[in-house]
Amino acid sequence: MTWGAQYMCYVCNKCSKKYKYAVDLIGEFGEDFGKCPECGSDGKLTHEGPVSPETSEYEEVE
């Protein structure tokens with residue numbers, strides 16, 4: 001069992017920005033969940049899970 005936030009990490013298909021969304025924000029972002037905060041393009045899902053060394057290189061979208 002894991003505790004703490006769960007993240008979905010993306011890399012933007014257009015501008016290559018690395019970003020992550022906390023899974024508990026799906027309802028707040030709706031259809032925009034997973035979109036790049038810089039350019040609004042769809043991102044490619046690269047990692048899912050709790051805070052880890054892999055997620056630290058992604059900027060959190062709030």
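Mentor: Partly exposed covers relative accessible area between the buried limit, under 20%, and the exposed limit, over 50%. Keep in mind that this model is predicted.

Trainee: Why is Glu-57 called partly exposed?

Mentor: Its relative accessibility is 47%.

Trainee: What makes Glu-57 and Lys-18 a salt bridge?

Mentor: The cut-off is 4 Å between a Lys or Arg side-chain nitrogen and a carboxyl oxygen of Asp or Glu. Here the closest N and O atoms are 2.5 Å apart, so the pair qualifies. Lys-18 sits in strand S2 and Glu-57 in the loop between strands S3 and S4, so the bridge ties together parts 39 residues apart in sequence.

Trainee: How do you know that Lys-17 is buried?

Mentor: Lys-17 has 16% relative accessibility. Buried means under 20%, so Lys-17 counts as buried. Lys-17 forms a salt bridge with Glu-59, at 2.8 Å between the closest N and O atoms. Glu-59 is partly exposed, at 44%.

Trainee: Why does Lys-20 have no salt bridge?

Mentor: The nearest side chain of opposite charge is Glu-60, 5.1 Å away. The limit is 4 Å, so no salt bridge is assigned to Lys-20. Yet Lys-20 is buried. A polar atom of its side chain lies 3.1 Å from the backbone oxygen of Thr-55.

Trainee: How many salt bridges does the whole structure hold?

Mentor: Three. One of them joins Lys-35 and Asp-42, at 2.8 Å from N to O. Lys-35 is partly exposed at 24%, and Asp-42 is partly exposed at 47%.

Notes:
Residues numbered from 1 in each chain as written. Predicted model: local features only at pLDDT ≥ 70, side-chain atom pairs only at ≥ 80, totals over all residues. Heavy atoms only, no water. Buried < 20%, exposed > 50% of the residue type's maximum accessible area, 1.4 Å probe, protein only. Lys, Arg positive; Asp, Glu negative; His and termini not counted. Polar contact = N/O pair within 3.5 Å; in protein donor to acceptor, adjacent residues only side chain to side chain. Helix = DSSP H or I, 4+ residues; strand = E, 2+ residues; numbered from the N terminus.
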